[in-house]
Amino acid sequence: MTVQQYDDIGEAYEGFKSLPMARYPESGSFVRMLGDLTGRSVLDLACGTGFYTRQAKRLGAADVLGVDVSDGMVAAARAIEERSPLGVRYQVADGAGLPVFDRRFDVATAVYLLNYADDAATMEWMCRGVHRNLRPGGEFFVLTQAPDFRFDGPSTDKYGFRYEPVGEGEVGPRVRITALLESPIEFVTNYPRREVYEGALRQAGFAGITWVPLQVPEDGLAAFGAEYWADFLANPPLVMLRCTAA
């Protein structure tokens, strides 16, 4: 998806979070990994309409800055903030060329950012930008496309998203993802290989790189039952990473 396409979507992007995969295993797992953020400063990269930016504030963060390359997304996030103020700030900036902000943060988050790097050098540059904006020992939490996802596995349509390979890029498969909303939205991204992620993070100065699988929270099991989630857990299209700025 191009920046223009994101600009055009605006607040419609919030609808993604109503789909079963995003509503339960994605958001439940990522918020659980973030944990208690009381008193901490958080930089949320590729913030979109601010869904996880707001979650960070609700988890107790003292200062939260959401950053996105799309003017439309940032405008939508600011509109949501105006309607329901939480004290979150937003700024337009490119995750592939981050400026040095006015402070070094305790925590950085990136949901669907690193997978947009078309080559290893760009992903490393992204990670270096994050590292420059974290204090020593600051934590970086990532949610991204799972390198081990098998595209020939059972259909994921029932979870609200469809994944179709459309070619091979430098870092891994190129994939068309369709969000199966009432008016479906398509975008194309990369599914980078595991070593591309790890190499970029290490070269940027991160240590303690840990892969964290998604889980289905209790409310997701209550809503659909364990059998419904069996295909997802056997072949998850998403994964998380956590690491520390050395």
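Contact here means heavy atoms within 4.5 Å of each other. The model is predicted, so that local features need pLDDT of at least 70 and side-chain atom pairs count only at pLDDT 80 or more, whereas totals for chains, interfaces and linings use all residues. Residues are numbered from 1 along each chain as its sequence is written, and side-chain values use heavy atoms, with hydrogens and water left out.

**View 1. Phe161 in the largest nonpolar core.** Leaving aside neighbours within four places in sequence, Phe161 is in contact with Phe16, Leu19, Met21, Ala22, Thr156, Ile177, Thr178, Ala179 and Leu180. The largest nonpolar core has 78 residues, of which Phe30, Phe140, Phe161, Tyr163 and Phe206 touch the most other members. A nonpolar core is a set of buried Ala, Val, Leu, Ile, Met, Phe, Trp, Tyr and Cys residues joined through side-chain atoms within 4.5 Å; buried means under 20% relative accessible area, exposed over 50%, and partly exposed in between, with a 1.4 Å probe and protein chains only.

**View 2. Helix H3 and the residues that follow.** Helices (H or I, at least four residues) and strands (E, at least two) are DSSP runs, numbered from the N terminus. Six of the eight residues of H3 are buried, namely Phe51, Tyr52, Thr53, Arg54, Gln55 and Ala56. These buried residues pack against helix H2 (20-34), strand S1 (41-45), S2, helix H4 (71-83), strand S3 (89-92) and strand S4 (105-111). Just after H3, Gly60 takes a positive phi of about 105°. Ala61 is placed in the loop between helix H3 (51-58) and strand S2 (63-68), and counts as buried because its relative accessibility is 5%. Not counting residues up to four places away in sequence, Ala61 touches Leu37, Thr38, Gly39, Arg40, Val42 and Ala56.

**View 3. Two non-glycine residues with positive phi.** Ala46, in the loop between S1 and H3, has a positive phi of about 55° although it is not a glycine, and counts as partly exposed because its relative accessibility is 25%. Tyr112, in the loop between S4 and helix H5 (120-132), is likewise not a glycine and has a positive phi of about 60°; at 18% relative accessibility, Tyr112 counts as buried.

**View 4. The second largest pocket.** On a 1 Å grid over the protein atoms alone, a cavity is a set of points where a 1.4 Å probe fits but cannot get out, and a pocket is an open set with protein on both sides within 12 Å along at least five of seven lines, while lining residues have an atom within 4 Å of a point. The second largest pocket has a volume of about 150 Å³, and its lining comprises 15 residues, of which Ala146, Asp148, Pro236, Leu238 and Val239 lie nearest its centre. Strand S9 (206-212) and strand S10 (238-245) each supply at least two residues of this lining, which divides into 11 nonpolar, one polar and three charged residues.

**View 5. The second largest cavity.** The structure holds two cavities of 30 Å³ or more, and about 40 Å³ of space lies in the second largest cavity. Pro154, Ser155, Thr156, Tyr159, Asp231, Phe232 and Asn235 line this cavity.

**View 6. The annotated span.** The unreviewed UniProt entry carries the annotation "domain: Methyltransferase" for residues 42-138. The end C-alpha atoms of this span lie 10 Å apart, and the span is 35% helix and 27% strand.

Conventions:
Points joined across faces, edges and corners; volume = space filled by probe spheres on them. Nonpolar A, V, L, I, M, F, W, Y, C, P; charged D, E, K, R; others polar. UniProt positions renumbered as here; feature names shortened; annotations may be inferred.
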